[in-house]
Amino acid sequence: MKTVQDYMNDPRILNDPGLMAAPEELRIIHAARLRLQDETAGMTTGERSAYLKKKTLDAFSSYGLPAPEIVNYAGQGKLKPRHPVTQ
């Protein structure tokens, strides 16, 4: 598996003059996004969601933190619009 540092030397980053002129922090973010795109290429939405959930839980456990509670609001209806209070 390629690391973010490997993606920093990727031609998609090195051959982009605008990105090479940008601060290094932006190149790191772009490299991380390229890595995620490559890792999840060809996955369905459900597979990608399960993959990202597993990566999140692995990250929490690697720091010794409890797993966050996952909340699913699907199927609870539409949000009701709030009306401004008039004085």
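Me: Leaving aside its neighbours within four places in sequence, which residues is Met8 in contact with?

Reply: Contact means heavy atoms within 4.5 Å, and, with neighbours within four places in sequence left aside, Met8 is in contact with Ile13, Leu14, Glu24, Arg27, Ile28 and Ala31. This is a predicted model, in which local features need pLDDT of at least 70 and side-chain atom pairs count only at pLDDT 80 or more, whereas totals for chains, interfaces and linings use all residues. Residues are numbered from 1 along each chain as its sequence is written, and side-chain values use heavy atoms, with hydrogens and water left out.

Me: Is Met8 buried or exposed?

Reply: Buried means under 20% relative accessible area, exposed over 50%, and partly exposed in between, with a 1.4 Å probe and protein chains only. Met8, which lies in helix α1, has a relative accessible area of 11% and is therefore buried.

Me: Which residues make up the largest nonpolar core?

Reply: A nonpolar core is a set of buried Ala, Val, Leu, Ile, Met, Phe, Trp, Tyr and Cys residues joined through side-chain atoms within 4.5 Å. Here the largest has 6 residues, namely Tyr7, Met8, Ile13, Leu19, Ala31 and Leu34, and α1 (4-8) and α4 each supply at least two of its residues. Setting aside neighbours within four places in sequence, Ile13 has contacts that include Tyr7, Met8, Leu19, Ala31 and Leu34, and also Met20, Arg27 and His30.

Me: At what angle do helix α4 and helix α5 pack?

Reply: Two packed helices are described by the angle between their axes and the distance between the axes. Helices (H or I, at least four residues) are DSSP runs, numbered from the N terminus, while axes are lines fitted to C-alpha atoms over the stretch in contact, with angles from 0 to 180 degrees between N-to-C directions. In this model α4 (residues 24-39) and α5 (residues 45-62) pack at about 125°, their axes 11 Å apart, which makes α4 oblique to α5. Angles under 35 degrees count as roughly parallel, over 145 as roughly antiparallel, 65 to 115 as roughly perpendicular and the rest as oblique.

Me: Which residues of α4 and α5 meet?

Reply: From α4, Arg35, Leu36 and Glu39 meet Arg48, Tyr51, Leu52 and Lys55 of α5.

Me: Is Thr45 buried or exposed?

Reply: Thr45 belongs to helix α5 and, with a relative accessibility of 71%, counts as exposed.
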